[in-house]
Amino acid sequence: GSGLGTTGVPKVESFDEPNQKNVAFMREIIIDILGPVYVLNAPWVAVKAFNWFQSLVPERFSRKLVLLDGDGTADPDFLDLVGESQLKHLLATRVGLLSGEVDGDFGDTVVSAGESLSKCRDLKRGESISWATTVEAGDADSWLGVSDIISSATVIFHPELNAQEVAEDEVSLEELPILASDGEVTREYTADRDCVITLCWSNEHSRMRAKGLRYHIELQAKPSS
């Protein structure tokens, strides 16, 4: 027979009864067929509370959800699951995606004491990038010394190329102190493989002073042959 259920949806008994059995069966096995779920950069308090809560539920449930208070690079199981190179690539390209920030190529900013500014860019083989930096003089320079910023860069090569016999999947450019008295300082890098480069301007060495910074990033396409 058939009719209308309490929700107004047509009710067909010959279908509903077997369907309910299927739904009940799926509820029983869903936890076993799902892969693990990792939550990165969870608050410290949430991680502690979750670890305590895990002891109260069956292991088949608790092992499916893992909360990490970091970015996952220090967890061996997570690295085995996603691959270290792929994880680094994903982390390097997430800037501004969730916060709605505009990742511009130039601007003036203030880097707080103990903090740093990072910018990520994709490069294809043969493409070049240059970044110009000017550190602004501060009011306290006469007392605490000339304002400075540490410029560095990290290059992470695309995961799909790691299977080939290459020397490295990540390289770091030398740290370069830039003083306000130096004026504009320009650095360059040319990619010999597809990669992501993370430019960093660090004020982490300063515990008292924020630093004014002007930057300008330019990408140059691979020269035509």
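Among contacts in the protein between residues at least 6 apart in sequence, what percentage join residues at least 24 apart? The figure is 75%, where a contact means heavy atoms within 4.5 Å.

Before I go on, this is a predicted model, in which local features need pLDDT of at least 70 and side-chain atom pairs count only at pLDDT 80 or more, while totals for chains, interfaces and linings use all residues. Residues are numbered from 1 along each chain as its sequence is written, and side-chain values use heavy atoms, with hydrogens and water left out.

The protein has six helices and 12 strands, taken as DSSP runs numbered from the N terminus, with helices being H or I of at least four residues and strands being E of at least two. Of its 225 residues, 32% count as buried, a word I use for under 20% relative accessible area, with exposed for over 50% and partly exposed in between, using a 1.4 Å probe and protein chains only.

Let me turn to the salt bridges, defined as a side-chain nitrogen of Lys or Arg within 4 Å of a carboxyl oxygen of Asp or Glu; the count comes to five. One of them pairs R214 with E136, the closest N and O atoms being 3.7 Å apart, and this pair links distant parts of the chain, since R214 is in strand 12 (residues 211-220) and E136 is in the loop between strand 7 (128-135) and helix 6 (141-144), 78 residues apart. R214 counts as partly exposed at 38% relative accessibility, and E136 likewise counts as partly exposed, at 34%.

In another salt bridge, the side chains of R209 and D141 meet at 2.8 Å, N to O, linking the loop between strand 11 (195-202) and strand 12, where R209 lies, to helix 6, which holds D141, across 68 residues. Here R209 is buried, with a relative accessible area of 14%, and D141 is buried too, at 15%.

D148 also forms a salt bridge with K211, with the closest N and O atoms 3.1 Å apart; D148 lies in strand 8 (residues 148-157) and K211 in strand 12, so the pair ties together parts that are 63 residues apart in sequence. Both D148 and K211 are buried. Salt bridges that share partners, moreover, join D108, E136 and R214 into one network.

Finally, the cysteines: a search of the whole structure finds zero disulfides, a disulfide being a pair of cysteine sulfur atoms within 2.5 Å. For C120, the nearest cysteine sulfur, that of C200, is 9.8 Å away. C120 counts as buried at 13% relative accessibility, and C195 counts as buried at 0%.
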